[in-house]
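Visitor: I have a model open and would like to learn how to read it. Where do we start?

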Amino acid sequence: MKRIRFSRDTLQFPQKDFDMVKEGVVSLGIITVLVVAVAAIWGAPYRPAVTNQQVALQNPIGIGQEVLGDLDGQGAIASYGPPYNNGWHGKAQSVQSFLGLSPQTWWGTPYHVNTAQADVLIPLQMLATASHNGALTAALHTYKTASYTQQQAWTTAMTNAMGKATVHNGQVVLPSGHYGPVALMVNDEINLAKSGLLSGALDRETNKGVYRWNVQNDLLFLQGQVLPGIANNINMAGGQWGINHDEQAYPGPWWLTPYTFLYQIPPWSTGATGDQTAAYSMGFLFLLLVLVPWIPGLNKLPKLLPVHRVIWRDWYQRLERTGACGQCPLRASCTQEFREQSQAHMGAAETVPSCYLPDESMAYNQNERHRSPGVSTLRTRTD
Amino acid sequence: MNWTQSMRKNVSEKLTWDHLLPSEQPIYVSSLVYSFGVFTLSSLVLCIVSGVVMAAYGPTWYQYSGVGSLFRSVHFWSVQAFFFFMTMHLVGQFFMGSWREGRAFTWVIGAVSFGISVIEAFTGYLSRGDFFSQWNQVQSKDAFNGAGIDGFLNILNNGQVYGLHIAVLPLVLIGLVGWHLVAVRSKGVVPPYQARANAKEGRRS
Ligand code: HEM
């Protein structure tokens, strides 16, 4: 069915002088001055990234725990699932599935991480080679050739002991126990981290050559316990509106508020698929925003709300002052949108809204111009 | 149909100087709300200029040198200004119902620009290279993975994130904003809603 729509020709309204180029230049000038002034006075937030080295020096037990989690599969990334791996011995923990839909798994494991290899065995092998460390080489050999049950027995004992460990002169002191080669391995990795070389070893893995762009494994190494602890201390954890605020008094990305808000309330804050459903919820809300012009009710809302009467108050005052609407041939249907006017008005080619046709009495502004008053039809288009 | 001819006809009819860069505006264009779009555009220009300078000198420069961190601060605050004015612009255009009378597509391009801007800003935060980047990178990976974007984007790969931030997304955004402006100009500023019934009888009637 063809619907006749009206659209008013903006060039047929009374006009006033307007300097668009000047407006643009002046606006750019004002914004530049304001922004540069604010930037010069307040600067921008910057908190140096946390390095493995710093953590190893301040909290060597923390590094030890990350290493053990990576080695025995208890760590979050060790058993994450796609896109990093297929979980630990087939058990994946961080796969989100909503209504049976799990797009996370559709791509396989493009960013493969086997944490035992990537975070522990490979860096230690590099260290052993670099330092001609016979004891470490032997420990690695013992560990790799032991049965899985034996490996787990060592790491479990060591993990329990880590809970009771103390630090003396920067060295981790453990109660005695049956840790096999794992005690030496963990200790050497803590020392590797202290030296500052661990990051380099991790970065090396995710970059196939000389250039270091992909910092995946370096970032993943601390993500389990250490980084959340630090974030929590400065109120940046997810349940504390995390990403929504920046350092101290600086404004953060406040435009993410609707998104971070979801993480404060159930079901998004509690559900195991919170991230996935939050992403879909935001996608849905965004679609609503894009489609506002076609959403019944929403697209008529601004007509009902009186805000437009404030924005265009000069215009409405003018209509009232000049009585334009009183003489308007379209006044019967004037409360409706033009596009909804009846076919009857269409026929009368001379019917023109009187706000189009400025006569002298209507002009109240010297700058006003009248354009081609001869044109006397509404534009119509069909679609 | 001759595509060339119809394209020429369309362009010369719809994109005249009177449309693109008029020296007059309808008198109903009289409110601060109309300036929010221009302020948004000005802030965007400032974001781009400061960003181009930063990209030219490189990360170490803007992270550790004095002039560099001034440019980084300008970039930071122009983004704040950009989002502030864009939000005001969006809200203003909503209350004016500016999608009326053939302008729906202008709204759609605007809204999509908003979405792209959010992603652009996010990749920017991740390119800061400080604790904020580090923390948000490991935090947001679960959201990107969970939503199924992991097949395309490894949020922990700074090469990819930085490339998106300084080249791909800005190009998309500039294209969209240009399109938005041409759409606005080719239609002209949306006329006000009709007067209300009780406002119809003027003094002279
Ligand atoms: C990327 C950022 C944006 C820029 C640089 C921008 C710029 C502009 C400018 C300069 C104008 C004309 C002047 C004015 O009315 O303010 C305009 C008009 C408009 N904008 Fe935007 N805009 C942006 C985003 C948006 C968004 C997010 C929306 C809404 C979802 C939107 C919807 C509109 C509409 C519907 C008009 C037409 C108004 C009319 O015909 O009277 N824009 N924009």
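**Reading the ligand site and its surroundings**

Guide: Start at the ligand: one of its oxygen atoms is 3.2 Å from an N or O atom in the side chain of B:Gln93. A polar contact is a pair of N or O atoms within 3.5 Å; within protein, one must be able to donate a hydrogen and the other to accept it, and residues adjacent in sequence count only if both atoms are side-chain atoms. This is a predicted model: local features need pLDDT of at least 70, side-chain atom pairs count only at pLDDT 80 or more, and totals for chains, interfaces and linings use all residues. Residues are numbered from 1 along each chain as its sequence is written, chains are lettered from A and ligands numbered from 1 in the order in which they are written, and side-chain values use heavy atoms, with hydrogens and water left out.

Visitor: Which elements give two or more residues to the shell around the ligand?

Guide: Elements are DSSP runs, numbered from the N terminus: helices (H or I) have at least four residues, strands (E) at least two. Here they are helix H3 (35–57), helix H5 (66–95), helix H6 (104–126) and helix H8 (158–187) of chain B. H6(B) gives the most, with 6 residues.

Visitor: Which residues come nearest to the ligand?

Guide: A residue is near a molecule if one of its heavy atoms lies within 4 Å of it. There are 25 residues around the ligand, and B:Tyr34, B:His89, B:Gly110, B:His180 and B:Val190 come nearest. A polar side-chain atom of B:His89 lies 2.7 Å from a ligand nitrogen. B:Val190 uses its backbone: a polar atom there is 3.1 Å from a ligand oxygen.

Visitor: Does B:Ser98 count as buried or exposed?

Guide: Buried means under 20% relative accessible area, exposed over 50%, partly exposed in between (1.4 Å probe, protein chains only). B:Ser98 counts as buried because its relative accessibility is 12%. B:Glu101 lies in that H5 to H6 loop of chain B too. Its relative accessible area is 4%, so B:Glu101 is buried. Phi of B:Glu101 is near 50°, a positive value in a residue other than glycine.

Visitor: Where does A:Asn169 lie, with its positive phi?

Guide: A:Asn169 lies in the loop between strand S3 (166–168) and strand S4 (171–173) of chain A. Its phi is about 50°, although A:Asn169 is not a glycine. A:Asn169 counts as exposed, because its relative accessibility is 81%.

Visitor: What is A:Pro302 in contact with?

Guide: Set aside neighbours within four places in sequence, and the list is A:His308, B:Phe94, B:Phe95, B:Gly97, B:Trp99 and B:Tyr193. A:Pro302 is found in helix H13 (residues 301–304) of chain A. A:Pro302 is buried, with a relative accessible area of 0%.

Visitor: Which peptide bond is cis, with omega near 5°?

Guide: The bond from A:Pro82 to A:Pro83. A:Pro83 is in the loop between helix H3 (60–72) and helix H4 (115–131) of chain A.

Visitor: How many helices and strands does chain A have?

Guide: Chain A has 17 helices and 5 strands. Of its 383 residues, 43% count as buried.

Conventions: Contact = heavy atoms within 4.5 Å.
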